[in-house]
Amino acid sequence: MKLSLDYVAGFCDGDGCFTISIARHRRSNDKIYVEYKPMVLVSNTNRKILEDFKKTFKAGSIYLGNYDLERVKKNGWKTRWNWVLNNRQATEFCSIMLNKLIIKRAQAEILIKLQSTRSTRGKKTMPNILKKQKEMFKKIRKLNKRGID
């Protein structure tokens with residue numbers, strides 16, 4: 001089923017996570033470099049709705065979200081599934097959804113901005129750009145922090 005953007009926005013505002021992941025890579029000279037990557041993740045126990053997300057946007061992957069299956073069974077929890085978008089797919093989704101999102105709009109804006117600073121594959125990111133990306137990472141972590149302001 002093709003989902004409406006309003007429905008998707010509400011779902012993502014409630015059960016979505018707009019974040020920045022960090023990848024650490026070792027170069028051939030043994031130096032480690034950091035890469036900041038945009039990521040959108042939507043979790044739910046209803047895999048079918050996440051399949052509908054994937055069909056609607058023709059993007060993303062669906063993964064099992066419960067990593068400790070023994071604990072899940074022991075506590076009688078349902079299996080959790082994640083629809084995940086990374087890199088350009090994540091920021092294209094953010095661009096489509098930006099005007100519909102309410103709660104996660106600021107995070108979506110940061111992911112779009114992050115993508116515009118990322119260098120092409122194999123190119124080294126300049127230190128001043130890495131500094132800006134790290135600031136975006138800290139800002140999105142603060143926005144995503146649980147609890148009371």
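Buried means under 20% relative accessible area, exposed means over 50%, and partly exposed lies in between, using a 1.4 Å probe and protein chains only. At 24% relative accessibility, N87 therefore counts as partly exposed.

Some background on the model. This is a predicted model, where local features need pLDDT of at least 70, side-chain atom pairs count only at pLDDT 80 or more, and totals for chains, interfaces and linings use all residues. Residues are numbered from 1 along each chain as its sequence is written, and side-chain values use heavy atoms, with hydrogens and water left out.

Back to N87, which sits in helix 4; helices (H or I, at least four residues) and strands (E, at least two) are DSSP runs numbered from the N terminus. N87 is not a glycine, yet its phi is positive, about 55°. Most residues other than glycine have a negative phi. K58, also not a glycine, has a positive phi of about 50°. K58 is in the loop between helix 2 and strand 3 (61-64) and is exposed, at 73% relative accessible area.

Now the rings. Rings of Phe, Tyr and Trp (its six-membered ring) pair if their centres lie within 6.5 Å; planes under 30 degrees apart are stacked, over 60 edge-to-face, and the rest tilted. The whole structure has eight aromatic pairs. In one of them, Y36 and F137 have ring centres 5.8 Å apart and planes at 50°, so this pair is tilted. Y36 is in strand 2 (residues 32-44) and F137 in helix 6 (residues 127-144), 101 residues apart. Both Y36 and F137 are buried.
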